[in-house]
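Subject: Structure for your review

Dear colleague,

I am passing on the structure below, followed by notes on what was found in it. Please read the notes with the model open beside you.

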Amino acid sequence: MSVQRRGRLQAFRITVFVALGLFFVVPLLSMLDFSTRVIGGDGRTWVNWQALWTDENLRGAIITSLLLALFTVVLMLVLLLPTMIWVRLRVPQASRLVEFLCLLPLTVPALVIVVGIAPVYAWVTYFLGDSALTLTFAYVVLVLPYAYRALDAGLSAIDVQTLAEAARSLGSGWGTVVTRIIAPNLTSAILSAAFISVALVLGEYTFASLLNFENLQVVIALLGKSDAGAAVAASLASLVFASLLLIAFSFLGRGPRRSKEG
Amino acid sequence: MTHVATRDAETRLGVELRLEDLRRSYGDLYALDGLSLTLAPGELVALLGPSGCGKTTALRIVAGLDEADSGRVVVDGRDISAVPANKRDMGMVFQAYSLFPHMTTQQNVEFGLKLRGDDRGKRAARAKEMLELVGLSQYAGRYAHQLSGGQQQRVALARALAIEPAVLLLDEPLSALDAKVRAQLRDEIRRVQLEVGTTTLFVTHDQEEALAIADRVGVMSHGRLEQVAAPSELYARPVSRTVAEFVGLMNRLPARVVDGRAVVLGASLGLLEGSISSGEGTALVRPESVEVHAAERGDARVVTVSFLGPITRLRLATSRGDELVAQLASAAAAGLEPGSAVEVGVAETPVLVIDAG
Amino acid sequence: MTSRARRLLPALGLVPFLGYLAIFLVIPTIVVVVGAFQDQGAPSLTNIRALATDAATGPLWNSLLLSASTAVIGAVFGGLLAYAVVTGSPQGMVRRTVTSISGVLAQFGGVTLAFAFIATLGFSGVVTEALRSSFGIDIFGSGWLFGLPGLVLVYTYFQIPLMVIVFLPALEGLRPQWREAAANLGASTWQFWRHVGMPLLTPAFLGSTLLLFANAFASFATAAALVSQGNPIQPLFIRAALTSEILLGRQNLAYALALEMIVVVALVMLGYALLVRRTSRWLR
C-alpha cells in the first residue's frame with residue numbers, strides 16, 4: 001500500500017474511533033458525574049451509591065435479582081447440559097431440532113412470550129406461590145440461545161463420543177460419564193454460559209414488569225421517579241457488574257481453545 | 001527444463017525486466033539486501049529459496065504491492081518504480097483465493113479488459129481465446145467454488161494474461177495444490193508461457209518445480225541472490241554451500257585439498273570454484289556420483305534400500321563411520337540388501353569443498 | 001421390546017428438555033396465536049380487525065419508523081466502525097478491545113441505558129447543564145428525549161455495537177488477495193469497491209441491517225423506562241392493552257398485537273436468512 005493511502009486510512013480510522021468513542025463514553029461518564037453530584041452545591045457525594053444498601057427496596061431487589069441469576073444458571077445447566085451431551089452421544093439426529101429450539105427465543109420477542117405466558121404463570125404461582133423467584137422458569141427460556149451457543153462451542157472442542165466410550169469401556173455408568181468425565185472438560189464453556197446468563201438476568205425488565213414482579217431493573221425504574229440520583233447510581237453499578245461478566249465471558253471463550261490448538 | 005520444440009530464442013516476444021539493487025527492511029530485519037537481476041525478453045526465471053529469503057517480497061515490489069526502500073524496477077527500459085500497482089501493466093497469479101467469488105470464470109477473465117474499457121464483443125472474444133489456451137473453455141459459466149484448486153489457478157493464469165501484460169508474475173502458484181496436480185499444472189504453465197512469450201518471474205520454494213520449468217533459476221537466501229544460472233549449471237556447479245544443499249540431495253564427506261585437487265574416499269577429484277584452497281574440509285557429493293559395487297571384502301555396508309521405480313537409493317555406512325546416500329539405476333542395485341558389503345567410490349566429477357564443521 | 005421401540009428409547013432422554021420448552025415457550029406462542037383470533041373466549045376476528053384502526057396502526061407505524069431509522073443509522077456508523085477495526089492489525093489491541101466492548105454495549109439496553117441518557121441529556125443531565133451554563137443552549141427543550149426522537153438516539157447506542165458484531169465477520173471474509181488482484185488488473189480503489197468490494201459485501205450489509213431492524217422492533221424495556229406519557233410505539237401499546245383498566249377485557253387485543261409483532265419479526269428474519277445464505281459461501 002502506498003504511503004499516501006496509508007496516511008489517509010489512518011486519518012479515517014482515528015476520526016472514527018474518536019468520534020464514536022466520545023458518543024459511547026459520554027453517557028457513561030455522565031452517569032458517574034450525575035450519581036455523585038451534590039444538588040445545589042459543589043463537590044462529590046456518595047449518598048446515591050450508599051442507597052444501594054440503605055434503601056430497602058433497592059437492597060431487596062438486588063438480592064432478588066442475584067438469587068434469580070443463581071437459580072437461572074443452575075436450572076439452565078441442569079436442563080441444558082445433560083440434554084446436549086445426551087444428544088451428542090445417543091440421539092445425534094435430534095441435534096438440528098435442539099439447535100432450532102434453542103435459537104428460537106432469539107426470534108420470538110420477549111414481549112410476545114410474556115404476553116402468552118401469563119396463563120402459564122397463573123398456574124406456576126398457584127403451585128409455587130407469589131415469589132419473584134418463579135421468574136426463573138421464564139428466564140431460562142430467555143438465556144437459552146446464548147447458553148446454548150457457549151455450551152455448544154465447548155462441546156465441539158472436545159470429542160464427547162470418544163471420552164464417553166473410553167469411560168464406559170473402563171466401567172463407569174452414564175451418570176459418572178456426564179458428571180466426572182465430560183463436565184470437568186467443559187468448565188470454561190460452563191462458566192461462559194453462566195456469566196452471560198447472569199448478565200442477562202440482571203438486566204432483564206420486560207418479564208418482571210409485565211408479570212408484576214419486582215426485580216432489580218423494575219425497582220430502579222420505579223426509583224427513577226422519586227430519586228433520580230440513586231436510580232442512576234444503581235444503573236451504573238448493574239452495568240459495570242454485567243460488563244465485567246461479559247468481558248470475562250469473551251475472554252473465556254478464547255483462552256482455552258488457543259492452548260488446545262497448540 | 002521443458003522445451004517446446006517449435007519456437008527458438010529469436011522469435012520470442014516480451015520485454016526486458018530489470019531489478020536494480022532492491023533493498024527492503026522491516027525494522028532490523030533485512031527482507032531484501034541488494035537484489036539485482038535481469039530477465040531477458042520472454043525468459044522464465046524462477047526465484048527459489050526457503051521461506052523468509054525475500055523472494056515473495058521481491059515479487060511484490062515488482063508488482064507494486066510493496067515499496068522498496070531503495071533500488072529500481074525497470075521494464076523495457078522504463079523506470080516504473082514510482083508507478084502505482086494498478087498502472088503497471090503486469091499480470092499476477094497469486095498462491096490461492098484470488099478469483100472473485102461473485103463472478104463467473106468468464107467474467108473473472110474479462111475483468112481487466114472491462115476496466116480498460118473494451119467493448120463486450122472484444123472482451124468475450126479475448127476471454128474465449130484465453131480459456132482455450134488454458135484448456136477450460138467449457139467452464140466459462142462456472143463460479144470459483146465449483147472449480148478444483150488446479151482449475152482455479154488456470155483461470156487465474158488466463159485472467160492475468162488476458163490483458164496482454166508486459167510481465168507475468170507468479171507467486172508460488174502451485175504451493176496450495178496437491179502433488180499430482182502440481183506436476184501437471186507446472187508443465188501447463190510453462191507451455192502457455194512459451195506460447196505467449198511473456199517475460200515471467202516465478203517464485204517458489206520447491207526446487208523441483210524451479211528446475212523443471214525455468215530458463216534460469218535464482219537461488220535466494222537472506223535477501224540476497226546466491227547464484228543465477230540455468231538449472232543444469234546450478235545442479236552440477238553450485239557456487240556455495242547454500243545453493244548446493246538447497247538444490248537436490250547432497251552428501252557431505254570428509255575431504256583433503258592438496259595441489260588443487262580434492263581427495264574424497266580415496267579418489268582424486270577436481271575442485272569447483274568457491275572451494276577452500278587447501279587443508280581438511282567437507283566435500284559435497286551428489287548421490288548419483290557415488291559408485292557402489294558389491295564386494296565381499298568391501299569397507300562399507302548397505303544400511304537401507306529404497307526402491308523408487310527407475311532408480312534405487314541406498315543409505316551406506318563406511319567403516320570409518322561416514323554415512324552417505326547413493327543413487328543407482330535399479331538394475332545396477334539388484335542383489336544389494338541391507339547388510340550387504342560393498343565398495344564405495346566417487347565418480348570423476350569436480351566437487352565443491354567447504355570448510356569442515 | 002421390538003427393535004424399533006428400543007431405537008426410540010434414547011429419545012426419551014430429551015423429554016425433560018422438550019417438555020420444559022413446550023410449557024414455557026411453545027404454549028405461550030400458541031396462546032398468542034390462538035388468542036388473537038378469539039374474543040371473550042370465543043373465536044372472533046374482532047381483534048384482528050382492531051389492528052386496522054388508527055389507534056393500532058399509529059403505534060405500529062411509529063415502531064416501524066423507529067426500527068428502520070435506527071437500523072439504517074446503526075448500520076452506517078457500525079459499518080464504518082467495523083471497517084476502521086478490520087483495517088488494523090488482526091491481533092492488535094484495537095480489534096480485541098473494540099470487539100469486547102461491542103459485545104458488552106450490544107447487550108446494554110433497557111432501564112440502564114435509559115438512565116444513562118437521562119443522566120446525560122435529561123432536564124438536569126450533565127451535558128444539558130454544561131451546555132446551559134457555558135453556552136446558554138437549551139438542549140432539553142420540551143423533552144424530546146422522552147419521545148420518538150429520543151428513542152432514535154438512545155436505540156442507536158446499542159444498534160451500532162450490534163452492527164459491529166454482526167458485520168465484522170463479513171468484512172474479515174474480504175480477502176486481501178482480491179484487492180491485490182484487482183489492483184494488478186488495473187482497478188483503482190473506487191473501481192475495486194464498485195466491482196468487487198461492494199457487490200460482495202452488500203448482501204451481508206443488508207442482512208445485518210435487517211437484524212438491527214428486528215432488534216429495535218422487539219425492544220421494550222428502554223422505551224418503557226424513557227417514555228412516561230402515551231404509547232407511541234407498538235411494545236408500549238401492548239403493555240397498555242395488557243394492563244390498562246380502561247382497556248379492561250381487551251386481553252385478546254394484546255394477543256392480536258403480539259401476533260402482529262411475530263409476523264413482522266418473522267418476515268424480517270426470513271429476509272436475513274436468505275441474504276446471509278448467499279454471502280456465507282463467498283466470504284467464508
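**Notes on the model**

Arg241(B) counts as partly exposed because it has 17 C-beta neighbours inside 10 Å (a residue is buried with 20 or more other C-beta atoms within 10 Å of its own, exposed with 12 or fewer, and partly exposed in between, the C-beta atoms being placed from the backbone). This is a predicted model, in which local features need pLDDT of at least 70 and side-chain atom pairs count only at pLDDT 80 or more, whereas totals for chains, interfaces and linings use all residues. Residues are numbered from 1 along each chain as its sequence is written, while chains are lettered from A and ligands numbered from 1 in the order in which they are written.

Arg241(B) belongs to helix H8 (residues 241-246) of chain B, where helices (H or I, at least four residues) and strands (E, at least two) are DSSP runs numbered from the N terminus. Between the C-alpha atoms of Arg241(B) and Ala267(B), which are 26 residues apart along the chain, the separation is 21 Å.

Also in chain B, strands S17 (residues 311-318) and S18 (residues 323-329) are paired antiparallel over seven bridges, pairing being assigned if DSSP finds at least two bridges between two strands. Ile311(B) has Ala329(B) as its bridge partner in S18(B), and in the hairpin, with four residues between the strands, Gly321(B) takes a positive phi near 95 degrees.

Chains A and C each bring 58 residues to their contact (two residues are in contact if their C-beta atoms, placed from the backbone, lie within 7 Å). On the side of chain C that touches chain A, H2(C) gives the most, with 12 residues.

Best regards
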